[in-house]
Amino acid sequence: MKHVLVIGSGIAGLSCAVSCAQKGMQVTMVSPFPSERSQSVLAAGGINAVTPSHEAGDSIDSHIEDTLKGGCEIAGKEAVRGLCESAPDIINWLEKLGTVFTTESGGSISKRAFGGQSHRRTCFCGAATGKQIVTALVMEARSYEGMGRIKRRLWADFYGSLIKDGTCYGAVLYNEATRQPEAITADSVVIATGGQNALFGKTTGSTQCDGYVAGKLLMQGVELKNLEFIQYHPTTIETAQKMMLISEAVRGEGGRLYVEENGSRVYFMEDKYGEHGNLMPRDIVSRCIEATGKQVYLDITFLGKEKIMQRLSEVYELCKKYRGIDITKESIPVKPSVHFFMGGIAVKNNHETNIKNLYAIGECASIYHGANRLGGNSLLAAIYGGRVASASIEQAEANDTHNDWSAELNEAKEKLLSLQGSQSPYPVKYLRDMLAETMRENLGIVRNADKLRQGIDDVSFYLSVADKIRFDNSEMAYFGYSLKGILTLAKATLLCAQSRQESRGAHYRSDYPTSSETYKAATIIRYDEGEFTTYLDTEGKYES
Ligand SMILES: Cc1cc2nc3c(=O)[nH]c(=O)nc-3n(C[C@H](O)[C@H](O)[C@H](O)COP(=O)(O)OP(=O)(O)OC[C@H]3O[C@@H](n4cnc5c(N)ncnc54)[C@H](O)[C@@H]3O)c2cc1C
């Protein structure tokens with residue numbers, strides 16, 4: 001029986017684990033926290049699909065077209081086709097597993113409008129779509145756990161992968177209970193560790209998504225892709241711990257953005273883009289907000305209390321709890337914040353990386369969204385990617401299990417030992433805080449060569465001291481050993497942004513404000529003995 005090691009237990013990891021178990025494979029699913037605490041549960045707005053009850057005029061071709069257009073011509077065409085064609089079946093499957101979608105009085109699934117889409121096609125579960133889907137998938141995973149096909153391993157973190165001669169044979173994990181590393185071998189390893197939020201400190205996402213796994217894999221020979229494309233969500237509110245998302249659903253229900261000028265409201269998005277201006281793609285709305293240089297407000301009061309409570313109750317609760325704002329009576333002061341990563345681990349259409357038997361799915365993988373993701377497409381991509389990877393793994397050859405991994409295990413043990421008792425002037429937390437400041441300052445909504453150069457210099461310095469960090473033994477060892485991988489990913493991200501000398505989707509450069517034919521391809525970055533190399537994937541290496 002094939003053994004699959006899934007790293008990460010959000011919606012992507014769950015989808016892959018369940019699909020592999022359904023196919024009779026044996027799965028070990030690893031994460032430091034339970035699925036119920038993954039970022040996936042935060043997903044509020046919904047999941048896109050052209051279901052049988054679609055809006056008049058909508059079609060799967062239209063979903064494909066919108067996704068490719070949103071991706072600014074650099075998303076993989078075949079991959080996007082597969083994604084959109086599978087969407088109706090995925091919704092059907094989720095319903096069968098017990099996901100309760102919001103429905104119309106006749107029983108058909110309700111749809112809401114989301115940015116950059118030509119039709120209402122976002123299916124939702126009130127404002128708790130992610131929570132509902134995670135719950136349904138966890139229940140399904142539990143039933144396979146009962147049959148002994150899925151083993152869930154909590155309180156364990158990825159340390160590194162076991163790669164030999166271009167093939168992946170498993171991973172070294174850090175066991176938080178024993179505080180020791182352990183090697184787990186498998187026929188395939190699937191990375192499902194989410195985005196890279198922690199590079200930027202406070203974002204809308206989870207701090208569990210720190211990018212370490214992508215950074216470590218880059219150092220181990222895995223290619224990464226399109227790291228420069230980072231989505232700033234236009235409407236968030238700041239709280240002490242994080243940026244709280246004001247879901248696009250508010251604008252989908254008619255919410256209007258405005259600034260105040262001389263005592264009256266200026267609806268700047270509608271003035272510039274007409275009636276649907278508030279629902280322009282996220283990169284455009286974020287840039288327009290930044291360009292106002294003023295406090296921007298979002299008004300939904302006109303919808304009335306009954307509809308607000310029925311369709312946007314979580315947004316109502318959130319604004320009331322964190323800012324004391326009653327959205328049935330007052331506008332919400334909003335600002336853009338880092339939200340989603342279009343870039344990540346480069347994968348082919350079957351979700352395999354450039355290393356045999358190593359796969360990546362969900363937000364940590366880069367494939368469907370090109371230069372900009374449409375809201376509602378990432379939950380879909382997380383589930384679809386898990387299914388596609390499981391189908392490919394089923395067909396792949398089983399791995400030889402006779403390798404000796406004691407050298408890799410010893411390396412991990414030595415690294416963990418070296419963290420103890422270090423007397424360097426650089427505490428890990430200080431470097432992580434400095435990194436977040438550098439990234440926010442130099443890789444914002446609008447970039448330029450000087451800022452990118454500064455960012456690269458700063459991160460290069462942090463990297464030069466990363467092996468000499470001061471580590472408090474009461475902290476989790478994970479924070480100590482993950483630092484170098486996180487910094488490596490940060491530098492790679494800045495280098496990708498520096499190499500793309502044009503503006504496209506979420507990557508806007510004031511020194512190259514237009515798109516260029518030369519750059520109509522994905523950016524790939526690799527790392528070899530301390531050297532980074534970027535190239536444009538003009539030959540479609542990752543698109544077949
Ligand atoms: C506030 C918010 C609202 C959103 N709303 C929507 C929406 O309405 N529609 C939509 O389509 N998308 C939405 N998104 C995006 C979407 O939620 C994510 O892209 C998607 O859930 C990612 O799923 P995932 O399984 O790839 O990652 P995650 O859910 O982030 O799961 C990652 C898993 O990896 C584990 N992990 C991380 N690091 C390690 C490590 N070192 N070792 C082991 N395990 C590790 C984590 O513990 C976790 O289990 C939203 C995002 C946010 C932040």
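User: How far is an oxygen atom of the ligand from a polar backbone atom of Ser9?
Analyst: This is a predicted model, in which local features need pLDDT of at least 70, side-chain atom pairs count only at pLDDT 80 or more, and totals for chains, interfaces and linings use all residues. Residues are numbered from 1 along each chain as its sequence is written, and side-chain values use heavy atoms, leaving out hydrogens and water. A polar contact is a pair of N or O atoms within 3.5 Å; within protein, one must be able to donate a hydrogen and the other to accept it, and residues adjacent in sequence count only if both atoms are side-chain atoms. Between the ligand oxygen and the backbone atom of Ser9 the distance is 3.0 Å.

User: Which residue has a side-chain N or O atom 3.1 Å from a nitrogen atom of the ligand?
Analyst: A backbone N or O atom of Gly46 lies 2.8 Å from a ligand nitrogen atom. The side-chain atom at 3.1 Å from a nitrogen of the ligand belongs to Arg373.

User: What percentage of the ligand's area does the protein bury?
Analyst: Accessible areas come from the Shrake-Rupley method with a 1.4 Å probe; for residues, only the protein chains shown count as cover. Taken alone, the ligand exposes 1,000 Å², and the part of this buried by the protein is 98%.

User: Which element contributes the largest share of the shell around the ligand?
Analyst: Helices (H or I, at least four residues) and strands (E, at least two) are DSSP runs, numbered from the N terminus. Two or more residues each come from α1 (11-22), β7 (156-164), β17 and α11 (377-395). The largest share, 3 residues, belongs to α11.

User: Which strands are at the edges of the open sheet of 6 strands?
Analyst: Two strands pair if DSSP finds at least two bridges between them. The pairing is antiparallel, in the order β13-β12-β17-β16-β14-β15. Pairing on one side only marks the edge strands, β13 (243-245) and β15 (264-266).

User: Which residue of β17 is the bridge partner of Tyr297?
Analyst: Strand β16 (residues 296-299) runs antiparallel to β17 (residues 332-341), and 3 bridges join them. The partner of Tyr297 in β17 is Pro333.

User: Is Ser499 buried, partly exposed or exposed?
Analyst: Ser499 is located in helix α15 (residues 477-499). Neighbours within four places in sequence aside, Ser499 is in contact (heavy atoms within 4.5 Å) with Tyr519, Thr523 and Thr534. Buried means under 20% relative accessible area, exposed over 50%, and partly exposed in between (1.4 Å probe, protein chains only). Because its relative accessibility is 25%, Ser499 counts as partly exposed.
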